[in-house]
Every structure is written in structure tokens, then in C-alpha cells.
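Look at the model first, then read on.

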Amino acid sequence: MGRYIGRRLIQGLVVIFGVTVFVFVVTRLIGDPVKFMLPLSATPEQREARRDAMGLNDPLVQQFGRFLRDLVQGDLGESSYVRGTPALEVVFDYLPRTLQLVAVGMLLAIVLSIPLGVIASRKPGGTTDRVLTTLSLIGLSMPQFFLGYVLMIAFTVRLRWFETGPGGFMNLVLPSICLALPAVGRLAVVVRSAMIDELNSQYVKVAKAKGLTRRRILGVHALRNAGIPYVTLLGWEVIRAIAGYTVVVESVFNWPGLGFMASTAVKNQDFYLIQAIVFVVAVMVVLINIAVDIAYKLLDPRVKLS
Amino acid sequence: MRTRHRLLSALVVLGVVASACGGDDDDTTSTDTPPATEAPTDSGETPTTSPTTSPAIEGASITIALGSEPTSLDPHIVDDGGERAINDNIYETLLARTPDGELIPSLATDLPTLIDDTTWEFTLREGVTFHDGTPFNADAVVATVERMIGLIAAEGTDNAGFYDTLTGATAIDEHTVQITTSGPDGVLPARMYWLKIVTPADAAKDDLSSAPNGTGPYAFVERETGVAIELAAYAGYWGDAPSIADVTYRFVTEGGTRLAGLKSGQYDLITNLPPNDVAQAPQAAAIQGQENPIIILDADDGITADVNVRKALNLALDKQAIADVVYAGYAVPVDGQLLSPSILGHNDDINAYPYDPEQAKQLLEEAGVAGETITLVGESSGRWLNDRELVEAIASYWTEAGLNVDLQTPEFGAYLDVLFDRSNRADAIFVSSSNDLLDPSRQLNTYYSLSGVGSSNSNAELQQLVADGQSSLDADERATIYQEAVQIAYDEAYFAFLVSNQDLYGLSERMEWTPRVDSKLLVKEMSVNG
């Protein structure tokens with residue numbers, strides 16, 4: 001297993017490097033941070049002087065050489081938007097709040113989706129199943145900004161139960177619900193169908209015949225086997241949350257995390273910050289994928305990690 | 001069973017992490033209580049983050065929600081509304097403006113006197129100290145001016161356009177300083193309303209973002225990146241003690257979220273309240289500021305090269321209807337010029353082009369361009385208030401007048417490429433012109449001079465007037481020159497003049513504040529009832 005993880009890490013490094021280089025080239029080809037740095041009234045000469053000073057007028061190959069040299073020293077450049085601050089430092093300032101949001105949101109998704117899926121699978125096609133399946137569909141198809149504003153109008157403006165923006169743990173409640181709901185829908189559907197498959201399988205019938213309690217069959221045997229597709233989707237949900245959904249949720253709830261920073265960086269064509277964000281997110285994606293593989297092994301010792 | 005345990009413990013770890021993070025945030029909210037209560041002896045331990053004020057000022061605490069976090073807290077490096085909103089309270093300038101825009105003394109005791117064509121002398125206020133105790137004197141002014149000159153030379157500031165005429169400063173005595181310019185510069189007093197004075201020690205540093213230290217009524221207390229910046233009244237302030245003791249700034253990008261926070265009582269003041277949401281805010285405050293959306297017409301090329309076409313494009317627009325519909329009434333038709341009434345050089349004799357669709361049609365037909373295509377470029381990122389609705393309205397008026405309008409609204413970055421492309425001008429480009437210094441020079445340079453990004457004419461006479469206006473040292477003479485310049489620009493219809501939209505603020509029930517024409521958020525002018 002150690003060797004396997006080592007190999008996956010090396011593959012991961014290649015992926016991360018490739019993604020970083022790709023982002024370097026794309027941003028350099030289509031963007032210009034100076035447009036957003038200087039005031040609208042700056043003269044063309046002033047803009048040109050700034051581009052010179054930042055080395056943006058140098059040949060791309062030369063810029064790339066500098067970028068690689070700095071990269072191996074762990075330097076991803078200075079953000080042009082958060083002026084004078086190393087891009088990585090900006091990322092680490094904002095990342096913890098995103099991790100916090102994703103952790104709570106995904107925990108909520110797990111806690112809700114498993115019982116919902118199990119309950120729905122008990123009588124496939126029954127009323128409970130149909131109600132839960134419909135709810136799941138609503139959850140997963142609701143646009144997050146819409147859901148966000150609905151939650152905010154109800155609970156912040158009308159009831160005043162929660163504040164928006166960074167603050168105490170309570171401020172995390174609405175954004176995590178907003179982040180979790182679509183995932184709950186998708187995850188519950190997977191739990192339901194996997195459980196239906198398992199409950200119809202031969203070993204469950206044998207276990208029933210043996211006189212094992214329903215709880216033991218469900219909780220220990222069936223659920224564990226349903227775990228593989230579940231963990232696969234969960235890993236995917238976590239990645240999508242970190243690398244996508246938080247952009248919307250963080251903006252709506254004014255939660256200053258990495259998703260919010262990413263959209264700011266793109267809006268301002270901040271090459272350095274975009275690069276640093278993509279780099280850190282790529283690292284996390286690689287690690288999550290490895291974690292998912294390890295979870296397979298833990299769920300089913302027959303799985304060979306190779 | 002073993003595996004299930006592991007999964008469970010992994011979940012528990014996640015939960016602990018989450019709650020630990022939550023705990024951190026709980027700690028920071030507790031810092032919302034008024035600080036600066038430490039005795040002066042305690043302040044030695046964290047000199048950079050807490051003001052050396054002795055007693056806490058009695059008064060209320062308020063929270064202001066800004067649309068964006070400052071990109072730096074250094075008062076000289078960036079050109080950023082978020083930075084100014086905060087630093088305008090921490091730092092001061094030699095001159096200031098009344099809420100109506102009139103130039104008045106601040107750290108100087110009077111308006112400057114001219115020594116010769118390029119030397120201005122300021123007498124400085126005595127008994128003023130910076131928050132760290134450093135006395136304010138001529139050395140601070142000299143160091144500040146020299147820092148700015150150095151930053152411009154090193155391409156280290158975005159503000160070169162504000163200060164590029166400065167050549168140096170000399171201390172005559174402790175409280176007298178002379179500032180020199182590269183040529184006669186009538187704008188110098190207005191520039192000194194913008195340049196924030198720092199201590200000689202700070203002037204030697206590269207970046208002052210982490211420890212702002214000015215002479216202003218509020219001192220920096222602390223900042224949590226991404227979350228909040230907190231200021232507290234400075235007990236050693238030379239002016240009247242403000243009634244607000246403590247102010248916390250929050251940064252809320254989404255307008256809907258800002259409004260929700262205002263309504264739920266989280267914020268006392270929000271900026272950029274959308275006109276359609278005024279009725280929803282507990283209180284709203286509006287003022288005719290400096291925002292002046294215009295359509296730049298290409299006077300050198302294409303169908304707009306004909307002055308009668310440009311006039312027709314003005315006549316075709318129902319300015320009052322635009323103000324009423326696009327801005328819900330929180331705008332007024334502009335009187336045919338770039339300069340707002342609060343600015344020197346505003347020409348009272350010019351009136352807006354009337355709405356006369358028949359004459360517009362007739363002029364277009366006479367010019368032989370009826371049915372031809374005109375390109376109109378706006379932007380779609382919502383950078384300016386309702387800008388997309390505005391260009392759509394304009395496009396429909398021009399269509400009615402008999403043109404085929406090619407309306408393009410790319411995202412902001414691509415829009416800037418069009419605006420900055422001076423050699424290949426689009427027929428008509430939307431932009432919102434503003435005026436920071438409340439002086440005509442920079443605005444007219446930008447929109448009328450050949451080299452300006454917002455200009456689309458090559459009128460040498462107009463360019464000369466703009467240059468003369470800058471170098472004239474007499475305010476009355478400057479006013480006359482600029483009045484002539486805006487008259488030419490009106491007669492030539494270099495722009496389609498539209499409306500000036502008001503600055504709108506949402507206020508909590510308890511807030512008492514009147515907005516300023518320069519849109520500065522000076523907390524010392526705010527108070528709360530109850």
C-alpha cells in the first residue's frame with residue numbers, strides 16, 4: 001500500500017505540474033492584469049510602463065523560465081490584486097474558511113444522505129420512497145444561488161436567526177446547508193439504489209434465513225458493500241465542492257473563502273493568484289483521489305490497490 | 001467492524017476540525033466590543049496594531065459594509081475605493097473639502113500661497129500628532145511628497161496620474177513647507193486634497209499596509225484578512241472628537257447580501273444601494289455625486305465623424321425617461337457637459353440637448369446615414385450601476401431614430417480592450433466618467449485630449465484649452481478656460497450626454513449621516529441616535 005501511495009503521489013505531481021503550466025500559458029495568452037490595476041484614466045504610456053516593470057512584455061519563453069525558477073523555490077509570485085502579497089499567502093489566508101465550509105457541508109451531506117437512502121430503499125416504489133426520491137431530485141436540481149437567496153431571505157432577513165458573512169459557527173449553518181443539499185440529493189439516490197441491489201442479493205437472503213437481525217444485515221453487511229459507489233461519489237462531491245460550488249455559495253453568503261477569491265482573481269485577471277489557487281486546488285484533488293482509493297481498500301479488503 | 005471504526009473516527013476528526021475553526025471565528029467576533037481600553041502603559045506590547053490613545057472615547061460602535069475589501073491599506077500604492085473608504089478616516093491631507101466640494105484647509109492652516117509659478121507654500125497646523133505619537137510637521141510632508149515621487153519613478157504606485165507634476169518639497173521651518181511642480185500646475189491644491197500624509201519613518205518603508213498610522217480621527221485597531229477591519233476613535237485627534245467611537249468594516253460583494261445584512265441589522269451603512277431597493281432599506285440617502293455615464297462618439301471616423309450625426313444621436317435620447325426608468329428616478333439629465341455642477345469650470349449656460357426624435361431622424365437622413373449600422377459597445381459585468389440596461393435603452397432610441405444599432409456588451413475585461421483601443425475606435429462606447437480630485441483637469445484630459453483613453457477626437461483647440469486650464473494658476477482664469485472647453489465639446493457633441501446617477505447609500509434606522517459630493521465615507525461626520 002505504501003508503494004502504491006508513493007506511485008500515486010508521483011503521478012499526482014505530474015498532473016499538478018501539467019495543470020500549472022497550462023494555466024500559466026492560458027493566462028499569459030488571454031489576460032492582462034495591468035488593465036485592472038491602474039485607474040481607468042491612466043494613459044496608454046502609463047499602462048505600458050507598468051507592463052514593462054512587471055516583466056509582462058518579455059518574451060513568453062523568458063517569462064516561463066522565470067516562473068519555473070520561482071516555482072521550484074515555492075514562489076508563485078505576488079498577487080496583482082491583493083497588492084504586494086505573495087499569491088500563496090493569499091491562498092492560505094482564504095483556504096481555511098473554504099475547508100471549514102466544505103467539511104461541515106459534506107458532513108451534513110453524509111449524515112442526511114445515508115439514512116434517507118436507506119429508508120427509501122426499504123420499500124422501493126412505495127410512498128416514502130417516491131417522496132424521498134422527489135425531494136432528492138429537487139435538492140440536486142436547485143440552482144445554488146437561488147437556494148442561497150431563499151435561505152437568506154427566510155432565515156436572515158425574516159427570522160433573523162443567522163447572520164451572513166464570517167463570524168461564529170452559527171454563520172456557517174446556512175452556507176453549509178446550501179452547499180450540502182444538492183450533494184444530499186445525489187448521494188441519497190446512490191445509497192438507495194445500492195441498497196436495493198444489496199438487499200436483493202443472495203447473501204442477504206442467506207443472512208435473513210440464518211435469522212440475523214434486520215439491523216445487522218442492513219448496518220453491517222449491505223451498507224458496507226454499498227459503500228464503494230458511495231465513497232466514489234462522495235470523493236467527487238468533495239472535489240466539486242472545493243473546486244466549484246463554493247464559488248457561488250461563498251459569494252452569496254459573503255463567506256470569504258478560496259472560491260470567492262478565485263472569482264475575484266479571474267475578474268481581475270490576476271495571473272499569479274489564479275496560478276496559486278489552481279495549484280493548491282490541484283494538490284487537494286490529487287490527495288482526495290488517493291484518499292478515495294484508500295477508502296475502497298478499507299471497505300473491501302479484496303480490492304487490490306495497483 | 002474495524003473499518004467502520006476508522007471511518008467513524010475520520011468523521012469525528014472532520015467534525016473537530018470544523019468546530020475548531022468555528023471556535024476561532026467565535027473569538028474574533030468577541031473583538032467587536034470596543035477596544036483601546038488598555039491603559040497607555042499596555043500599548044507598548046503591540047505598538048503596530050493598537051493606537052497609543054489613553055482613554056477610550058465614549059460613543060457608539062457602527063458597522064459599515066463595503067462592496068470590496070481594500071486591496072492594500074498603504075495610502076499611496078493602489079487606486080481603490082475600498083482602501084480610500086477606510087484610509088480617509090485614518091489619514092489626513094493638507095487640504096480637505098466641505099461636503100459640497102469646496103476646498104478648505106485641513107492639516108494646512110490655510111489654502112497655499114504661490115511663491116513663484118512652480119512653488120506653493122503651505123503653513124501647517126501645530127499640535128497635531130500621528131497615532132503612534134510622532135509629531136506632524138514639515139518633515140512629514142516632505143517625506144510624503146518624496147515617497148510619492150520615488151514610487152512613481154519605481155513604477156510602484158497606481159496613482160502616478162494624480163501626482164506626476166510633483167518634483168519635490170522643502171521644509172522652510174517646523175511648520176512651513178514648499179512644494180514644487182515641474183511646470184505651472186493649477187491642480188496642485190486639489191492634489192494636496194488627495195495625498196495622505198505619513199510619518200517620515202513610514203515614508204521610508206516599502207509597504208504600509210500592515211500598520212496604517214495617520215493623523216486622522218480614527219486609528220487602526222486590527223484587521224482579519226477577508227473578514228473585517230476595525231478602527232477606533234483617536235483620543236489625541238486635533239479636531240472635534242467624533243461621536244462614533246468604533247467602526248468595523250465588512251466586505252460584501254453581492255448587493256443582495258449587503259441589503260439583507262442591512263435589513264437584518266448587521267450593518268449600519270451600505271454603499272451602492274440599487275435604486276430599485278431604496279424602498280426596502282430602513283433609510284436611504286442619495287446625493288448627486290460625480291458619476292457621469294456617457295457615450296463616447298468617434299469624431300474622427302465612421303458615420304459619427306459628422307457633427308450633425310453626433311447631434312442627432314443626442315437629440316434621439318429621452319434623458320428624463322432614462323433617469324426615471326433605468327435609475328428609478330435617482331438620476332438627473334446631465335446639462336450637456338462632463339463636469340458636474342460641484343466642479344470648477346462647470347458652464348451654467350449649457351443645457352442638455354432636448355429630446356427631439358423628429359429632428360434626430362431628419363438630421364440622420366440629411367447626413368445620408370439613415371438605416372446604416374452604428375456599433376455601440378457597453379459591458380455586461382455590472383461594473384457600473386445598471387449599465388447594461390442603460391446601453392439597451394440607448395440602442396432602442398437610436399433604432400427608433402432610424403439607425404441599425406449593433407449593440408455589443410462583452411465582459412468587463414474585453415470591454416476595456418475596446419475602450420483602450422485608441423487607434424481603432426468603435427463608433428460609440430459607453431463609459432462612466434468620474435472625478436476623484438473634484439478638479440476638471442484629469443477628467444478633461446482623459447476624455448478630450450488626444451492621448452486620453454476616453455477621447456475620440458483630434459481637436460487641437462480643445463486640447464490646448466485643457467492644457468492651458470491645467471497650467472493656469474488663477475482659479476477664475478481656469479474656470480473661464482474650462483467653461484470654453486466644455487462649450488466646444490458640447491457644440492461638437494463629442495459624447496452622447498446622458499444622465500448623472502446619484503450615489504445611493506442604505507442606512508440603518510439609527511444612523512444619521514448626509515452623504516458628500518466626493519463620496520467619501522467620513523465616520524467623523526456620522527452619528528447614531530439611541
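Helices, as named here, are DSSP runs of at least four residues, numbered from the N terminus. The structure is a predicted model.

**Cavities**

Rolling a probe the size of a water molecule over the atoms shows where empty space is left. Searching the whole structure gives 4 cavities of 30 Å³ or more.

The largest cavity has a volume of about 90 Å³. Its lining counts 13 residues. Those nearest its centre are Pro75(B), Val78(B), Glu83(B), Asn159(B) and Trp194(B). Two helices of chain B, α2 (81-90) and α4 (160-163), each give at least two residues to this lining. By class, the lining of the largest cavity holds 7 nonpolar, 2 polar and 4 charged residues.

The second largest cavity holds about 60 Å³ of space. Helices α5 (87-122), α6 and α8 of chain A each supply at least two residues of its lining. The lining residues include Leu116(A), Gly117(A) and Ala120(A). Leu132(A), Thr133(A) and Ser136(A) also line the second largest cavity, as do Ala188(A), Val189(A) and Arg192(A). This lining divides into 5 nonpolar, 3 polar and 1 charged.

Two packed helices are described by the angle between their axes and the distance between the axes.

| Helix pair | Angle | Axis distance |
|---|---|---|
| α6(A) (127-141) and α8(A) (173-199) | about 140 degrees | 7 Å |
| α7(A) (144-158) and α8(A) | about 145 degrees | 10 Å |

With an angle of about 140 degrees between them, α6(A) is therefore oblique to α8(A). The crossing of α6(A) past α8(A) is left-handed. On the α6(A) side, the contact uses Asp129(A), Thr133(A), Ser136(A), Gly139(A) and Leu140(A). On the α8(A) side, it uses Leu181(A), Pro182(A), Gly185(A), Arg186(A), Ala188(A), Val189(A) and Arg192(A). Sorted by class, the residues of this contact are 5 nonpolar, 4 polar and 3 charged.

Now the other pair. Helix α7(A) crosses α8(A) in a right-handed sense. From α7(A) come Gln144(A), Leu147(A), Gly148(A), Leu151(A), Met152(A), Phe155(A) and Thr156(A). They meet Leu174(A), Ile177(A), Cys178(A), Leu179(A), Leu181(A) and Pro182(A) in α8(A). How many residues of the contact of α7(A) with α8(A) are charged? There are no charged residues in it; the contact has 10 nonpolar and 3 polar.

Thr133(A) and Ser136(A) of α6(A) belong to the contact with α8(A), and both line the second largest cavity. From α8(A), Ala188(A), Val189(A) and Arg192(A) take part in the contact with α6(A) and also line that cavity.

Methods
Residues are numbered from 1 along each chain as its sequence is written. Chains are lettered from A and ligands numbered from 1 in the order in which they are written. This is a predicted model: local features need pLDDT of at least 70, side-chain atom pairs count only at pLDDT 80 or more; totals for chains, interfaces and linings use all residues. Side-chain values use heavy atoms; hydrogens and water are left out. Axes are lines fitted to C-alpha atoms, for helices over the stretch in contact, and angles run from 0 to 180 degrees between N-to-C directions. Angles under 35 degrees count as roughly parallel, over 145 as roughly antiparallel, 65 to 115 as roughly perpendicular and the rest as oblique. A crossing is left-handed if the near helix is turned anticlockwise from the far one by less than a right angle, and right-handed if clockwise. Contact means heavy atoms within 4.5 Å. Ala, Val, Leu, Ile, Met, Phe, Trp, Tyr, Cys and Pro count as nonpolar, Asp, Glu, Lys and Arg as charged, and the others, Gly among them, as polar. On a 1 Å grid over the protein atoms alone, a cavity is a set of points where a 1.4 Å probe fits but cannot get out, and a pocket is an open set with protein on both sides within 12 Å along at least five of seven lines; lining residues have an atom within 4 Å of a point. Grid points are joined across faces, edges and corners, and a volume is the space filled by probe spheres set on the points.
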